[in-house]
Every structure is written in structure tokens, then in C-alpha cells.
Amino acid sequence: MKKIIIVFLYFLILMNLYSQTSKKIYVLHELKSKTYPGGGFEISPEGFYFDEVDDKAVCINPFLDKYYFIDFKNKENCIIEKNGNAPCGAAVLFNVVNVYWDNGYSDIYWGTSDSFLSYIINPELFFDTTNIKGSSSRKSVHNIESGFSFILKKDDGKIIYFINKDGIPGAIDTKGKIYTNTEAVEYLKEYDSEKYSVSLKRAEELDLKNEFENAKILVWGKTFYTTTKIREKLYGKNSPYIYDDLIQYDQQGYGYQLYLEFEDTSLCIVNPDGIRIVLEKFEGYKKYKQSEDDYISTSWYVGFGGNIYYYFACKEYTVVFQIQRTWGDPDFYAMAINGYTYDEYGKYVDEILPKLSKADLRILRNTIFALYGVHFKSEDLSKYFEKQVWYTDEGKSSAQIILPAHRQKLVEIIQKMEK
């Protein structure tokens, strides 16, 4: 009983340490919801990807096979439409293959919902430049549970992990190779033997060591990626998640559910130990629905570091919101993205920085430059960032980078603390 009380108190402390706030960051008058007749009542836009480094985003209209590339900093030409084989029903888009074209808006986006993964294996066929759609380049993996689990680097591309309806792991890389459960788990050991050992220990804590060693379950770090049914066996009816639906994960293995409804937007966050640490409600889309025939389209995206982005698209405009990460263990990627601002988030940064070691401060400061593809000469920094799935060494020097004010301010604060 004492152990239960201690865990409950710890849970309460985590829940109330920082109050999560949702803030409106953009209003797009050029992007509006549209309805289309079909098997059901279809509405666009769908899906969401947010480029946190450059303040760009992507969403889709699968009924017209169009992509909307959004550059929030470009006031004159904010949205570019481009034809492409869009993944219908994808709640989340994610960028795993970069194919550069003249206009700079031609990265290839995979998509996921709670039950399928849509992917591209022939990027050169993907975008429609001759009125011939590259439909054969879009393929899907079905029978998955709760969306994809995590992404790692592999060779010169990426490998995406997921579980099926029975909780058995699988993976697919950006060359189109689909991995068996055994091959997927073997690559984890090859990719990071130290983290694999942590995973093995976590599986042992869950009395699932044999299942993990035989590739029957997926554990990475301390996070157990599993199904609703298996989760119920572990937790009974007290599952940390609130819906049997899509779960998005950040790079630390925190799990997120965001339910966008008329009255409220509900946020649930579960830490890698399987403990729910956030359960909050924000404003729903009620105020944006002007009439009964005004249908609202919504979607959401979780960045690598746990920042959350979502939109309400109505008949007149689209509103984009952000929830900045202030929960759980500090995430250096999220802190680098958010920089330093003179608001509630700035107070969070003021509290976190003095608790970091000099080594951590150095990593955080360099993470800001790593966002822009800076090359690191120091062996330890190079080794650290090469493991980060979001990092690409573009051979740049820090002197070539002009940081936006909020990130430059964070660099300056850290440099003072390092002296």
C-alpha cells in the first residue's frame, strides 16, 4: 500500500509541476475545409506534418490527390499546391525521404493512421509532373496497431518500426524492404547495443524477457510498444491511455493521444514507464463552427522532442495550435526548437537550465546548430548527433548559420552558464 501511495504522489507531482498551455500560432486564410461526396461524408484537409526548424507544414487533400505545402514565413505565397498520390485516411504525415526539386517543396511524405502505414518506394514517380500520377509508388502496410512506433537511421535512409494487431514487431525501410519480426529486433541490437540492453532489462521487469528475445514484442529503451489488449492485461481497466486509437511517440518514447472534439481537445501523455503524466483539456473547435453545415477538419502531429501541433480547418480559414513540451525529462531537441521566449515557456527554461551539467549544456547548445545540419569536428559530438534520427550532416559550420532570435537567445544564455 505504501508503494502505491508513493507512486500516486509522484504521479500527482508530475501532473501539476507545469501547466500545459495550448497557444494559437498561425491563422491561414488560404486553407479552408472542403467536403466531397463519397462512401461516407469526406472532408479535407487531412494529415499533418510540421517542420519545426523552418516553420513549414504539409497537409493533404486525398480526394483530389493534392498536397498543400505551407510556408508560414512567406506572407505572399504561403501555400503551394502540388499533385501527388496522397494517402487517404492518414492522420499523420512524416518526412523520411528527401528528394529535392527546383521549388524546394518536394520531400516525400509517408502517412499513418491507427491501422495502416502508407509509404513511397519510388520517389521519382511520386509527384505528378506530366499529368500521369505515380500511383504504383504508393503502397501500404495494413493490420498495424496505433500507428508507427519509432524511426531509426539505416544506411543512407531510415527504418520505421510498428507492431501488428497481436503486438508482434515489424519494420520497413525507405528502400521498401519489409522486415520480419526477428530481423526488426536484430537490427535494434546492431543499431545501439547499449539501448538494446536497457530494452532487455525493461522487458525483464515486465516479465516479458523471453518474448522480447524471441521478437514477439517490441521494447525500445524503457517503452513497451504494444496493443490495447495486451496493455489491458498489464494494467487491467486502468490503462494509461484514454482511447483505443492512434498513439504518437516522441524520440524519448513518451506516448501521446490528442482527441480533437467539438467541446474539448483532450490530451493524454504517458511516459516510458507506462505512467500517465498528463491528462488535460483545451478548447475544442466549437467557436470555429459557424453553422450546422460548417464541417471542421482536424489533425495533429508530435515532433521528435514532444512539441504538439494541431489544426482546426473550417470554411473560412485554418487555425494552427502548438503545445510546447514542459513535461517529463527535458528533451534537448524540443528545447532547441523552442529556444528562449519571455513567457511561461521561458520560465520553464529558467528552471531547467541550472539543473543541467556542463556536459548537458554543451549538448543542448550544439543541438541548436545541429538542427541546421552543422558538421561537428569533435568526435563525441559527431558520434552523438549521428545517432539522432532528425540530424543530417550538411557540412555547414556554425558561422554559416543565422539563428532566429529565440534560438540565438538560448545559445547566449547557455554560453554564460558554461563559463
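This is a predicted model: local features need pLDDT of at least 70, side-chain atom pairs count only at pLDDT 80 or more; totals for chains, interfaces and linings use all residues.
Residues are numbered from 1 along each chain as its sequence is written. Local features need pLDDT of at least 70, side-chain atom pairs count only at pLDDT 80 or more, and totals for chains, interfaces and linings use all residues, while side-chain values use heavy atoms, leaving out hydrogens and water.

**Exercise 1.** Work out which strands pair with strand E13 (residues 157-163).

*Solution.* 
Step 1: Strands (E, at least two residues) are DSSP runs, numbered from the N terminus, and helices (H or I) need at least four. Two strands pair if DSSP finds at least two bridges between them.
Step 2: Look at E12 (residues 150-154). Five bridges join E12 to E13, and the two run antiparallel; Phe 150 stands opposite Tyr 161.
Step 3: Now try E14 (residues 169-173). Five bridges join E13 to E14, again antiparallel, with Ile 160 opposite Ile 172. This hairpin has five residues between its strands, and Gly 167 takes a positive phi near 85°.

**Exercise 2.** Describe how helix H8 (residues 358-370) and helix H9 (residues 379-386) cross.

*Solution.* 
Step 1: Take the axes (lines fitted to C-alpha atoms over the stretch in contact, with angles from 0 to 180 degrees between N-to-C directions). They come within 11 Å and cross at roughly 60°.
Step 2: List the contact (heavy atoms within 4.5 Å). H8 gives Arg 362, Ile 363, Asn 366, Thr 367 and Ala 370, and H9 gives Asp 380, Leu 381, Tyr 384 and Phe 385.
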